[in-house]
Amino acid sequence: MELSPAPAGRWADLPEDIALAVASRLQEADVCALGGCSRSWRAACDADCVWERLFRCRWPAAAAEAAVASRVQGRKALYINQHRRMNVAISNVVEFVGSSLNNGWLESECYLKAIADLALTADIGFLDVQFFLFSRNHSAIINLIGLHFSIASLHVPVSKALLVILLYFSYG
């Protein structure tokens, strides 16, 4: 028995507002994955309204500045640039701690400096900590700094922070 192909254009025929509603309810990675499925999904996933929501959810304190800056560049580009800024800032902390560990020591001063440096970086949120600090590829100290920063500076409930770490190390 031969399978008949799916009707052509079934997903592409979705009204734009429905496609935008679907894309607007997804997280970053899912938006990017969906955008790779077809031209019509790429258009929906590249829409400013999708990336505006993602930006506001991830960096609520920076949303007002982003509204002004988005007139010059699109919301997706703005999101990517902010993500890169967070990556650079957090990578500097990771490198600082890594160089201390490579020297065979990590004084409490260095540990506290790493947390203070994270706190001085404007707009770091819990999702940034998850993206850039919680990883099997990092030392336990880096993960501990991320956990400490999340609880002490971002006021993430201990149970939520621990659950996220467990999920990262179970599946990630």
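Predicted model: local features only at pLDDT ≥ 70, side-chain atom pairs only at ≥ 80, totals over all residues.
**Entry 1: the largest pocket**

I looked up the lining of the largest pocket and wrote down Gln27, Glu28, Arg53, Leu54, Cys57, Arg58, Gly125, Phe126, Leu127, Gln130, Lys160 and Val164. Helix H4 (48–58), helix H8 (126–132) and helix H10 (158–171) are the elements that each give two or more residues to this lining. H4 supplies the largest share, with 4 residues.

**Entry 2: aromatic pairs**

Next I turned to the rings, and the structure holds 5 aromatic pairs. I started with Trp59 and Tyr79: their ring centres are 5.0 Å apart and their planes stand at 50 degrees, so I logged the pair as tilted. This pair links distant parts of the chain, as Trp59 sits in the loop between H4 and helix H5 (63–69) while Tyr79 belongs to helix H6 (residues 75–102), 20 residues apart. I checked accessibility too, and both Trp59 and Tyr79 are buried.

Then I looked at Phe126 and Phe134, an edge-to-face pair with 6.2 Å from centre to centre and 80 degrees between the planes. Phe126 and Phe134 are buried as well.

Last, I looked for a charge over a ring: Lys113 lies over the face of Phe96, at 5.0 Å from the ring centre.

Definitions and conventions
Residues numbered from 1 in each chain as written. Heavy atoms only, no water. 1 Å grid on protein atoms, 1.4 Å probe; cavity = no way out; pocket = protein on both sides within 12 Å on 5 of 7 lines; lining within 4 Å. Phe/Tyr/Trp six-rings, centres within 6.5 Å; stacked < 30°, edge-to-face > 60°. Buried < 20%, exposed > 50% of the residue type's maximum accessible area, 1.4 Å probe, protein only. Lys NZ or Arg CZ within 6 Å of the ring centre and 35° of its normal.
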